[in-house]
Every structure is written in C-alpha cells, then in structure tokens.
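This briefing goes through one protein model by topic. The sequence and the structure come first, and the notes follow.

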Amino acid sequence: MLYGIAAATASFLLAALLRAPALSLALVDRRRRRPVPLSGGAAVALVTGLVAGVGDWTGVVPLGPAAGRLLLGALAAGALGLAADLWRLRRRWVVAGTAVAAACVVPYGETGPAAGVLAVGWITLVAAAFRGLDHADGVAGTVGVVTAFGVAACAAAELRDGLAVALLALAAALTGLLLHNWHPARIALGACGALFTGFLLAGAAVFTRAGHPPAGGAAVLFALTAPACLDVVLVLLSRRLAGRPVLRAGPDHLAHRLRRLGLTPQGAAVVVGAVSCGAVLTGVLVHTGRVGAPAVWWVAGAAAAAVAGLLRVRVYGPRHGAGAQGRVPGPARPRPTRGACRVPPEVADTPGGASSRGTIFPVRQARRAEEDQVSAPLRVRNG
C-alpha cells in the first residue's frame with residue numbers, strides 16, 4: 001500500500017514538473033485541438049522503475065533476474081518512444097526497436113524457441129496497440145491500470161512477488177497520471193509512456209504464462225489484452241476496407257467510434273475501461289483455474305461482435321473532389337465584368353429592356369430595400 005501511494009503521488013507531481021520543459025522543447029501532441037505536453041510517459045516510466053528498483057535494492061521485494069531484465073527492456077522501449085516523440089521517428093523503426101528489446105527479455109528456456117518467437121511478436125503488437133489507445137483522453141491510462149492489476153494477480157498466483165510489485169507500481173503511476181490525463185487532458189502519455197506500459201504488461205503476462213500449455217496461454221494472453229487487440233483489429237480492417245494506407249493515421253480508433261455513437265470523452269473512457277475489466281477478470285479466472293479455458297470464447301465472441309458493429313460507424317470524411325457535405329460541386333456561376341451595369345429581372349423581362357426612371361428605381365422602394373439589405377448583415381455581424 002505504501003509503495004502504491006508513493007508511486008501515484010510521485011507520478012502526479014513529476015508529470016506536472018515536466019510539463020514546462022515539454023512545452024519548451026515542443027514535446028507536444030499536435031493531433032488534438034490544442035497542444036498537449038507528452039511528459040506523462042517519462043513520469044510513469046521513471047516512477048515505476050524507481051519504485052521497483054528501491055524495492056529490489058533494499059531487499060524488501062527482490063525483482064529477480066528475469067523481472068529485472070523485463071523492466072530494463074520496458075525502459076528501453078520507453079526511451080525509444082521518447083525519441084519518437086522528440087524527432088518523429090518512422091513507425092517501422094519504432095516497431096523494429098521494440099521487437100529487438102522484446103527478443104532480449106523473452107524466457108526462451110521456459111517457452112521454447114517457437115513460442116518465444118511468437119511471444120516477441122505478441123509483446124511488440126501489444127506495445128504498438130497501447131500507442132494507438134493513447135489517441136483519446138484517459139483511455140490508455142484506464143486500460144493500463146485495469147490490465148496491470150489483472151496481470152499482477154496472475155503473477156502473485158505464480159509466486160512472482162517482484163514482478164507483481166512492479167506491476168502494482170505501474171498501476172499506481174498510471175493512476176496518478178490519470179488526474180492529468182482525464183478529459184480535458186493537460187498531459188498525455190505519448191509514445192514513451194504507451195510503449196513502456198504495453199511492453200511491461202505484455203512481457204509480464206508472457207512471464208506468468210511461461211511453462212503452461214500453449215493453447216491455454218494464448219487464451220489468457222488474449223483475455224488480458226482484449227481491448228488493445230480489439231482496437232488494432234478494428235483499425236486495420238476499417239482502413240483496408242476503405243482503401244486507405246494501413247499506416248495512415250485517422251480518427252478510426254475504438255474511442256473515436258464510441259464518440260461517433262454519442263458518448264462523451266469521459267463516457268468513452270469508462271466504457272473501454274469496463275470492457276477491459278470484464279476481459280481481464282476472465283483471464284485471471286482462467287489463469288487461476290477458477291473457470292475453464294472455453295470461457296475465453298465468450299470474450300472472443302464479444303470482441304468479434306463489437307468489431308462487426310463498430311465497422312458500420314462512419315469515421316472517414318468525403319473523398320477528394322467532393323464538397324464539404326459529400327456533394328460534388330456544380331459549375332461555377334459567371335461573375336459580372338467590372339463596370340457592367342446590373343439590370344433587375346423585372347427590367348430584363350420588359351420589351352426592349354428599358355423603362356422610365358421612376359419605374360426602375362422608385363425612390364421609396366429603393367430606400368427601403370437598401371435599408372433591409374444593409375441592416376440585416378449588420379445585425380448578424382454585431383450579434
């Protein structure tokens with residue numbers, strides 16, 4: 001409890017202290033309506049590493065070599081994300097660096113070579129998925145807190161106390177950051193925090209399931225990270241069906257579609273958190289043997305139904321060449337040449353196009369028409 005309170009408080013204060021340097025370095029998220037500093041990720045990574053390191057150094061909760069190597073790999077992924085935030089690195093380099101870090105921490109002796117390679121891909125995928133969840137306020141932090149508690153429970157069931165303490169420190173640090181990241185967000189995770197969080201959660205889940213049957217292990221891993229997997233599948237399918245490049249960013253993530261359905265930003269974060277809570281609880285129950293592995297099929301079926309339903313939500317704008325409301329613009333109206341006299345329609349319909357001065361320009365009617373035409377725009381502008 002003391003470690004959790006210290007981690008949450010330190011994360012809250014450190015993120016606020018790093019806000020001004022992030023603004024001065026232009027370390028901001030430009031995808032939002034206003035620039036949001038990306039100092040939250042560095043605060044979460046530093047606080048989690050510091051709390052876990054103090055516990056290991058004092059001997060109160062030793063991490064162990066495997067958990068220590070995993071924490072170092074997560075910090076390396078976070079550093080790579082910080083570089084991506086600063087210098088806008090290409091996605092392929094970020095993914096490749098995350099995969100290299102994952103390959104250095106996977107326990108091949110317990111998983112085997114083939115399952116170890118799959119675990120590397122899984123850790124890389126979940127880390128990238130958490131980066132996608134950070135597009136909306138509070139979503140990545142909420143999912144991270146729920147998942148961290150679930151994976152910590154699985155680690156405690158396997159008597160991996162050091163790993164469980166590190167995950168609880170991560171959950172506390174994300175909770176402290178949520179006070180800044182809740183809508184309207186003043187601080188965001190960024191690629192640094194998203195990659196660190198996803199890497200640590202996915203790697204810890206792989207460590208807790210090492211030595212178990214591969215089929216049951218895959219089911220539990222999917223249940224623990226179901227919202228992140230749902231977001232990835234939804235984005236990839238929607239972009240392929242729309243004929244858009246897969247790596248082209250757009251407002252097509254899970255939280256964006258929930259907003260299109262009428263939910264508020266806070267409501268979207270709560271709904272995604274509730275979905276994550278149900279899926280993580282199922283994964284914990286399957287891991288501890290309280291329910292059978294077929295229970296994960298319910299999670300998979302709900303995820304498939306959600307993907308099928310959310311794909312029908314329209315999130316992309318009109319194609320180039322269409323009007324602002326999807327209409328093709330018609331031919332342009334010809335402009336009158338400079339110096340040309342504008343003839344009223346009633347005059348053009350008269351034979352010869354001519355009439356007396358009193359008929360064309362009656363004094364009282366012209367003055368009243370000019371007053372109506374001038375006063376109406378003035379009222380709109382001043383109002």
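## Overview

Of the 383 residues in the protein, 44% are buried (under 20% relative accessible area; exposed is over 50% and partly exposed lies in between, with a 1.4 Å probe and protein chains only). The model is predicted: local features need a pLDDT of at least 70 and side-chain atom pairs count only at pLDDT 80 or more, while totals for chains, interfaces and linings use all residues. Residues are numbered from 1 along each chain as its sequence is written, and side-chain values use heavy atoms, with hydrogens and water left out.

**Fold and surface**

- The secondary structure amounts to 18 helices and two strands, taken as DSSP runs numbered from the N terminus (helices are H or I with at least four residues, strands are E with at least two).
- Among contacts in the protein with a separation of 6 or more, 71% join residues 24 or more positions apart; a contact means heavy atoms within 4.5 Å.

**Confidence**

- The average pLDDT is 84, and 82% of the residues score at least 70; pLDDT is the predictor's confidence in each residue, from 0 to 100.
- Residues 320-333 have a pLDDT below 50, and this stretch has nine contacts in the model beyond near neighbours in sequence.
- Residues 336-383 also stay under 50 in pLDDT, and the model has six contacts for them beyond four places in sequence.

**Helix 7**

- Helix 7 (residues 113-133) has 21 residues and reaches 30 Å from its first C-alpha to its last, close to the 30 Å expected at 1.5 Å a residue; the expected span is 1.5 Å times one less than the number of residues.
- Its buried residues include Gly116, Trp122, Ile123, Phe130 and Leu133.
- Cover for the buried residues of helix 7 includes helix 5 (91-103), helix 6, helix 8, helix 10 (190-209), helix 11 (214-224) and helix 12.

**Salt bridges**

- There are two salt bridges in the structure (a side-chain nitrogen of Lys or Arg within 4 Å of a carboxyl oxygen of Asp or Glu).
- Arg160 pairs with Glu110, with the closest N and O atoms 3.5 Å apart. Arg160 is in the loop between helix 8 (139-157) and helix 9 (161-181) and Glu110 is in helix 6 (residues 108-111), so the bridge ties together parts 50 residues apart in sequence.
- Arg160 is partly exposed at 25% relative accessible area, and Glu110 is partly exposed at 45%.
- Asp252 pairs with Arg239, with the closest N and O atoms 2.8 Å apart. Asp252 sits in the loop between helix 12 (226-241) and helix 13 (254-260) and Arg239 in helix 12, so this pair ties together parts 13 residues apart in sequence.
- Asp252 and Arg239 are both buried.

**The loop between helix 2 and strand 1**

- Leu25 lies in the loop between helix 2 (19-24) and strand 1 (28-29), and is exposed with a relative accessible area of 60%.
- Leu25, Leu86, Trp87 and Leu89 form a nonpolar surface patch with about 430 Å² of accessible area together.
- The C-alpha atoms of Leu27 and Ser39, twelve residues apart along the chain, are 7.7 Å apart.

Technical notes
Patch = residues over 30% accessible without salt bridge, like charges linked within 9 Å, V, L, I, M, F, W, Y side chains within 5 Å. Areas by Shrake-Rupley, 256 points an atom, 1.4 Å probe, with all protein chains shown as cover.
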